[in-house]
Amino acid sequence: MTAAGPVAPAGARSVLTEATALYLDLHAHPELSGAERRTAGRLAGWLARDGLRVTGDVGGHGVVGILDNGPGPVVMLRAELDALPVAEQTGLPYASAVTATGADGLPVPVMHACGHDLHVAALAGAARRLVAGRDHWQGTLLVVGQPAEETLEGARDMLEDGLFERFGRPDVVLAQHTAPLPAGMLAHGIGVMTAGSTTIEVVIHGRGSHAATPHLGIDPVVAAAATVLRLQTIVAREFAAAEQVVLTVGSLHAGHRSNVLPDSASLSITVRALSEATLTRLRAAVERVVRAECAASGCVEPPEVRIATASPVNVPDPEATAVTRAAHEGLVGSERLAVWPPSMATEDFPHYASAGAATVYWMLGSAGRRQVTEAPGHSMAERLAALPANHSPRFAPDVRQTLPTGVAAMVTAALAHLARP
């Protein structure tokens, strides 16, 4: 099969033109996790025009499109709908100028700084090409636009809303993600692709007082500061370097005025690891340290420790991955097919595997030739490392060079798992 798939080249070019227009529109109009109504509507409308049976508002703003095409496997293609609270600095003519209300009720800038807009455009383009080429395959195509990936809630919410029960349990779930590799490259992992993670919300309870009489209160700011410092020793002193764990205190909030000791302080903590056993140890160590520091500070009551979100380690199915990788090698050639090392980034995609589906996940190179050649560094590795990474305000995939491969990679992967007439 050629990169154009089962559709004539002219049809493929038309699909890419329309998918590019969709990408530019989505990039200029990003929406935060849980607020993806417009994005979901754009995808739903695209799928409906192609003749898929479309259902919206699944697990939030999730979109599900179904094409029944005779007996055969159920193959699910998934892309994420949400963007990030980041102020775009790419200087692109289609850059986002959107602001929205953040989780704290305050206005925040919004940007597609992780490539989800490109994922959706590739998903839409792939669906259109598979519909046009439905004489070449049999089975059921399940196209899913998932909300709230960045908060690690969307996959779980869609599953809890009956995704597999209402629309059919897929034999395989396919997904791709942009990465700082040259455009035109694809990368599969061997074993773990991305880390599992847990976000832990902590409230430390002190006793408010005037700043002039701190001895009459219990300062939760000091307790929180001590907790932050002590938490850093967990990775340094309780885990071997080979275990690859990360602990981050992403936020600390307490008080409003310099002359008032507040009643409480809040911490938001993320832990990441490449195995579920290590992740369990990390969570237990965090709770132990938090409770011990609060006790040492004489807090008026025990701290609140709550698991806000969690996602398993992303380990794609080895057999389904081998089938997909072989198909991708036929698409891009062995010289453009890389092996992706385990990453400490996190995805909620593994929830589909936990629900009983075989999963396949690969990385999609998104850096254009000019971006790579103009990046600082002597070696290719140095130049790639210097590129703006996912979540950077300067993250800017080269859509002309990335989207064609993204569409073709998804089509090729789907055809590798669907039945032939």
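This report describes selected strands, a helix pair and one histidine in a predicted model.

Eight strands form an open sheet with mixed pairing, in the order 1-2-6-3-7-17-8-15. Its edges are strand 1 and strand 15 (337-340), each of which pairs on one side only. From one strand to the next, the twist averages 25 degrees.

Within this sheet, strand 8 (residues 186-189) is joined to strand 17 (residues 358-367) by three bridges in the antiparallel sense. Alanine 187 has methionine 363 of strand 17 as its bridge partner.

Helix 3 lies across strand 2, strand 3 (74-80), strand 6 (139-146), strand 7 (172-182) and strand 17. Relative to strand 3, helix 3 runs at about 150 degrees.

Helix 3 (residues 116-132) also packs with helix 12 (residues 399-417); the angle is about 50 degrees and the axes are 8 Å apart. Because of this angle, helix 3 is oblique to helix 12. The crossing of the two helices is right-handed. On the side of helix 3, the contact is made by Leu118, Ala121, Ala122, Gly125, Ala126, Arg129 and Leu130. Helix 12 contributes residues including Val399, Leu403, Gly406, Val407, Met410, Val411 and Leu415. The residues of this contact comprise 13 nonpolar, three polar and one charged.

## Strand 9 and its partners

Strand 9 (residues 194-205) is mostly covered, with 10 of its 12 residues buried. It has antiparallel pairing with strand 13 (residues 264-273) through 10 bridges, and with strand 14 (residues 304-311) through seven bridges. Strand 9 is also joined to strand 16 (residues 343-346) by two bridges, and these two strands run parallel.

Individual residue pairs illustrate each of these pairings. Valine 202 has leucine 267 as its bridge partner in strand 13, while isoleucine 200 stands opposite isoleucine 307 in strand 14. In strand 16, serine 343 is the residue opposite threonine 194.

## Histidine 61

Histidine 61 is located in the loop between strand 1 (53-58) and strand 2 (62-69). This residue has a relative accessible area of 12% and is therefore buried, the cut-off for that class being under 20%. Leaving aside residues up to four places away in sequence, histidine 61 touches Gly34, Ala35, Glu36, Arg37, Ala40, Leu81 and Pro147.

Notes. Residues are numbered from 1 along each chain as its sequence is written. This is a predicted model: local features need pLDDT of at least 70, side-chain atom pairs count only at pLDDT 80 or more; totals for chains, interfaces and linings use all residues. Side-chain values use heavy atoms; hydrogens and water are left out. Helices (H or I, at least four residues) and strands (E, at least two) are DSSP runs, numbered from the N terminus. Buried means under 20% relative accessible area, exposed over 50%, partly exposed in between (1.4 Å probe, protein chains only). Contact means heavy atoms within 4.5 Å. Two strands pair if DSSP finds at least two bridges between them. Axes are lines fitted to C-alpha atoms, for helices over the stretch in contact, and angles run from 0 to 180 degrees between N-to-C directions. Angles under 35 degrees count as roughly parallel, over 145 as roughly antiparallel, 65 to 115 as roughly perpendicular and the rest as oblique. A crossing is left-handed if the near helix is turned anticlockwise from the far one by less than a right angle, and right-handed if clockwise. Ala, Val, Leu, Ile, Met, Phe, Trp, Tyr, Cys and Pro count as nonpolar, Asp, Glu, Lys and Arg as charged, and the others, Gly among them, as polar.
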